[in-house]
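Please look at the sequence and the structure shown here.

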Amino acid sequence: MVKKRKNKIKFIVLFWIVVISVITYGLYYFTTLQVSKIERLEKKIAQLKEVSTPIKFKILDKQEGKIHFAIKFFDADGNVVNREELIMEGEELSFDFYVIPINERYIAFPNKIFTNKIAPKKGTELFDLYDNNGFPQIFYSKNIDNDIKHGLKELFTQLKTDNIVDLQGVFGSGIQDIKGINEFEKDNIYSIVIHTKGGIEIIEE
């Protein structure tokens with residue numbers, strides 16, 4: 001009995017040693033993976049265009065408490081990636097972005113569209129509209145570096161799966177119109193311009 005008990009204790013101790021080792025290795029692996037991901041971008045991020053226009057939109061109609069608008073997504077070379085027409089409840093349109101600081105620059109991923117009648121959590125998700133086999137196509141350029149491409153794809157995957165805990169410094173940023181003050185007007189075309197040195201703005205064409 002004593003021998004069996006000792007063997008059982010040895011087994012339990014060995015079991016927990018294995019579990020702790022696996023957890024430790026897992027934490028090390030994912031931490032190393034994240035550092036590698038960021039370092040990969042830090043070295044090459046200067047190659048991204050300082051100013052880009054990933055989104056253009058046009059208000060087609062505003063009536064009966066609804067906004068009807070068309071939206072286009074563009075890559076870094078100005079080619080159309082996707083286009084959609086949407087109708088949303090509300091009078092004030094808002095665009096939400098995930099922004100990730102990398103080596104004194106900022107990468108912005110369009111995340112959602114919502115309104116004063118639709119909460120951000122229930123807004124229209126945008127990732128699928130510029131997802132090209134896991135790569136955020138708004139960053140594509142014919143001269144894009146493979147390291148940047150892989151790094152952006154990895155970050156995009158984390159954002160899509162809402163796995164942002166280990167994305168150091170990530171924050172949300174939004175732009176919106178305000179009815180009667182700074183309102184998006186019908187039939188006007190607006191460009192959303194992103195600056196890698198910081199800032200997201202809307203320019204009326």
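S141 touches A76 and D77, leaving aside residues up to four places away in sequence; contact means heavy atoms within 4.5 Å. The side chains of S141 and D77 also make a polar contact (3.1 Å), a term for a pair of N or O atoms within 3.5 Å in which, within protein, one must be able to donate a hydrogen and the other to accept it, and residues adjacent in sequence count only if both atoms are side-chain atoms. S141 counts as buried because its relative accessibility is 13% (buried is under 20% relative accessible area, exposed over 50%, partly exposed in between, with a 1.4 Å probe and protein chains only).

This is a predicted model, in which local features need pLDDT of at least 70, side-chain atom pairs count only at pLDDT 80 or more, and totals for chains, interfaces and linings use all residues. Residues are numbered from 1 along each chain as its sequence is written, and side-chain values use heavy atoms, without hydrogens and water.

S141 lies in a loop between two elements, listed below. Helices (H or I, at least four residues) and strands (E, at least two) are DSSP runs, numbered from the N terminus.

| Element | Residues |
|---|---|
| β8 | 135–136 |
| α2 | 146–160 |

The largest nonpolar core has 42 residues. Such a core is a set of buried Ala, Val, Leu, Ile, Met, Phe, Trp, Tyr and Cys residues joined through side-chain atoms within 4.5 Å. β4 gives the most to this core, with 7 residues. I113 is among the residues with the most contacts inside the core; residues that I113 touches include F69, L93 and F95.
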